[in-house]
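Here is a short briefing on one protein model. Look at the sequence and the structure first, then read the points below.

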Amino acid sequence: MNDERRRYFRIDENLRVSYRLVSDAEAQVFSKQTKNDRDGINYAANFDNRIQTLLDACRIQAPIAAELIDLVNKKLNFVIQQMDIDAGLMQKVAYSLRQVNVSACGMAFPCEELLPEGRYVQLDILLSPGDLHIVILAEVLGCSEAEEGAEAAYIARVNFSNVNNNDQELLIQHIVKGQSNQLKRQRLQSEQAQDQL
């Protein structure tokens with residue numbers, strides 16, 4: 001696990017995250033579904049994720065075409081929601097914007113309750129831009145009291161468990177973009193500071 005942690009970059013950012021503790025039985029069912037879930041509920045999500053990946057690439061070469069495709073995709077999603085076709089698959093989750101430290105193999109995030117070490121949580125994560133939805137099972141590695149004045153009472157550290165390749169690829173792409181943006185901001189701040197001298 002330590003080797004795996006070293007393989008991936010970590011970034012600090014604000015993400016919309018929801019979590020819930022799951023029982024061992026639920027964790028086993030979730031793991032089985034993740035292993036076998038190359039179709040079904042994730043089938044539509046995989047389409048969305050692939051569309052978003054291609055849109056990101058298209059924005060560089062043909063920004064107007066990318067915007068048009070994005071609007072068509074959003075309209076299609078809106079129509080589906082209005083028709084309630086996907087009602088059985090939609091999850092009604094209350095997301096909270098949280099300051100997290102995330103990598104492709106784990107995350108630290110603020111939480112309102114003390115999460116027992118060794119237990120599993122189901123994480124619902126929305127990656128921006130594009131509102132890419134990822135549902136991941138994660139094992140609680142530790143949970144400690146947050147500093148005074150923090151956004152929540154505790155900080156939980158979790159290790160993602162049985163992440164499918166598609167979700168892991170999305171996380172890696174998201175983190176690389178986030179790191180690139182952070183480096184750009186640092187470079188700009190450095191250039192502005194030199195200009196003021």
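Start with Val102. Leaving aside neighbours within four places in sequence, Val102 is in contact with Phe9, Arg10, Ile11, Glu13, Leu15, Met107, Phe160 and Ile175. Contact here means heavy atoms within 4.5 Å. This is a predicted model: local features need pLDDT of at least 70, side-chain atom pairs count only at pLDDT 80 or more, and totals for chains, interfaces and linings use all residues. Residues are numbered from 1 along each chain as its sequence is written, and side-chain values use heavy atoms, with hydrogens and water left out.

**Val102 in its place**

- Val102 sits in strand S2.
- Val102 counts as buried because its relative accessibility is 2%. Buried means under 20% relative accessible area, exposed means over 50%, and partly exposed lies in between (1.4 Å probe, protein chains only).
- Tyr8 is 94 residues from Val102 along the chain, and their C-alpha atoms are separated by 9.6 Å.

**Overall build**

- The protein has five helices and six strands. Both are DSSP runs, numbered from the N terminus: helices are H or I with at least four residues, strands are E with at least two.
- Along the sequence, the pattern reads α-β-α-α-α-β-β-β-β-β-α.
- The protein has 197 residues, and buried residues make up 32% of them.
- Take the contacts in the protein with a separation of 6 or more: residues 24 or more positions apart account for 69% of them.
- The accessible surface comes to about 12700 Å², and 52% of this belongs to carbon and sulfur atoms. Such areas come from the Shrake-Rupley method with a 1.4 Å probe; for residues, only the protein chains shown count as cover.

**The largest nonpolar core**

- In soluble globular proteins, nonpolar side chains tend to be buried together.
- The largest nonpolar core holds 29 residues. A nonpolar core is a set of buried Ala, Val, Leu, Ile, Met, Phe, Trp, Tyr and Cys residues joined through side-chain atoms within 4.5 Å.
- Which of its residues touch the most other members? They are Met107, Phe109, Leu115, Leu123, Val158 and Phe160.
- The elements that give two or more residues to this core are strands S1 (11-22), S2 (96-102), S3 (106-111), S4 (120-127), S5 (132-145) and S6 (154-161), and helix H5 (165-195).
- S5 gives the largest share of this core, six residues.

**Phe109 and the aromatic pair**

- Phe109 is buried because its relative accessible area is 0%.
- Rings of Phe, Tyr and Trp (its six-membered ring) pair if their centres lie within 6.5 Å; planes under 30 degrees apart count as stacked, over 60 as edge-to-face and the rest as tilted.
- Tyr19 and Phe109 form this pair, which is tilted: 5.4 Å centre to centre, with 55° between the planes.
- The pair links distant parts of the chain: Tyr19 is in strand S1, Phe109 is in strand S3, and they are 90 residues apart.
- Tyr19 counts as buried because its relative accessibility is 12%.

**The cysteines**

- How many disulfides are there? The count comes to zero. A disulfide is a pair of cysteine sulfur atoms within 2.5 Å.
- Cys111 is in no disulfide; its nearest cysteine sulfur belongs to Cys143, 4.0 Å away.
- Cys111 has 0% relative accessibility, so it counts as buried.
- Cys143 has 17% relative accessibility, so it counts as buried.

**Leu137 in strand S5**

- Leu137 lies in strand S5.
- Leu137 is buried because its relative accessible area is 2%.
- Leu137 and Ser161 are 24 residues apart in sequence, and 5.5 Å apart in space, C-alpha to C-alpha.
- Leaving aside neighbours within four places in sequence, Leu137 is in contact with residues including Val22, Phe30, Tyr120, Phe160 and Ser161.

- Helix H5 has 31 residues, which at 1.5 Å a residue should span 45 Å; its end C-alpha atoms are 45 Å apart, which agrees. The expected span is 1.5 Å times one less than the number of residues.
- In H5, Asp167, Gln168, Leu170, Leu171, His174, Ile175 and Gly178 are buried.
- Asn73 is found in helix H4 (residues 63-83).
- Asn73 is buried because its relative accessible area is 14%.
- Not counting residues up to four places away in sequence, Asn73 touches Asp48 and Ile51.
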